[in-house]
Amino acid sequence: MHAVVLRVRTQLHLRTHDSETLNTSRMVCMGLLSCVTLLIDVASGGESRTTLGRLGHIVPMQWLLIALGVFLSAFVASSLAFAALKTISAANAQPFSALQPLFAAGWSMLLLSEPI
């Protein structure tokens, strides 16, 4: 129910704003909020400090999978949902938001030759 209420509110914003601009702004705000939370945890000596110290152990292909699986998949699914909200009801546009795991699985299949 909560997700549909947010979609209806987004639908109202889409009457006066471009879907690409609104989605990009939303994703940037989510990224900034995540970074601020991370920095607060690092500054307070939380577990994020240990995690950041281990980032050098991640190989480039894993970074690519993280970027595609999380960031690009979320952006594409969200972009499709926002475009759908311009023309169809919030309830009918809801499945577009659920495409992120499908895109992530597709990247894994493509880059890792993982069966689905």
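Q: Hi! What pattern does the protein follow, read along the sequence?
A: Hello! Going along the sequence, the pattern is α-α-α-α-α-α. The protein has six helices and zero strands. Helices (H or I, at least four residues) and strands (E, at least two) are DSSP runs, numbered from the N terminus.

Q: And what sort of model am I looking at?
A: This is a predicted model, where local features need pLDDT of at least 70, side-chain atom pairs count only at pLDDT 80 or more, and totals for chains, interfaces and linings use all residues. Residues are numbered from 1 along each chain as its sequence is written, and side-chain values use heavy atoms, with hydrogens and water left out.

Q: What box do the C-alpha atoms fill?
A: Along the principal axes, they fill a box of roughly 45 × 40 × 25 Å.

Q: How much of the protein is buried?
A: Buried residues make up 18% of the 116 residues. Buried means under 20% relative accessible area, exposed over 50%, and partly exposed in between (1.4 Å probe, protein chains only).

Q: New topic: how do α4 and α6 cross?
A: Helix α4 (residues 60-85) and helix α6 (residues 100-112) have axes that come within 8 Å and cross at roughly 145 degrees. The axes are lines fitted to C-alpha atoms, for helices over the stretch in contact, and angles run from 0 to 180 degrees between N-to-C directions.

Q: Which residues of α4 and α6 make the contact?
A: On α4 they include Leu-64, Leu-68, Leu-72 and Val-76, and on α6 they include Phe-103, Trp-107 and Leu-111. Contact means heavy atoms within 4.5 Å.

Q: How many of those are nonpolar, polar or charged?
A: The residues of this contact divide into 14 nonpolar, three polar and no charged. Ala, Val, Leu, Ile, Met, Phe, Trp, Tyr, Cys and Pro count as nonpolar, Asp, Glu, Lys and Arg as charged, and the others, Gly among them, as polar.

Q: Can we zoom in on α4? Is Ser-78 buried or exposed?
A: Ser-78, which lies in helix α4, counts as buried because its relative accessibility is 9%. Not counting residues up to four places away in sequence, Ser-78 touches Asn-23, Arg-26 and Met-27.

Q: What about Val-70, which residues does it touch?
A: Leaving out residues up to four places away in sequence, Val-70 touches Leu-65 and Gln-100. Val-70 is also in helix α4, and at 42% relative accessibility it counts as partly exposed. Val-70 and Ala-98 are 28 residues apart in sequence and 13 Å apart in space, C-alpha to C-alpha.

Q: Where is Ala-43, then?
A: Ala-43 is in helix α2 (residues 19-43). With a relative accessible area of 64%, Ala-43 is exposed. From Ala-43 to Pro-95 the C-alpha to C-alpha distance is 39 Å, and the two are 52 residues apart in sequence.

Q: And where does Asn-92 sit?
A: Asn-92 is in helix α5 (residues 90-97). Its relative accessible area is 51%, so Asn-92 is exposed.

Q: Last one: where is Ser-113?
A: Ser-113 lies in the segment after α6, and at 63% relative accessibility Ser-113 counts as exposed.
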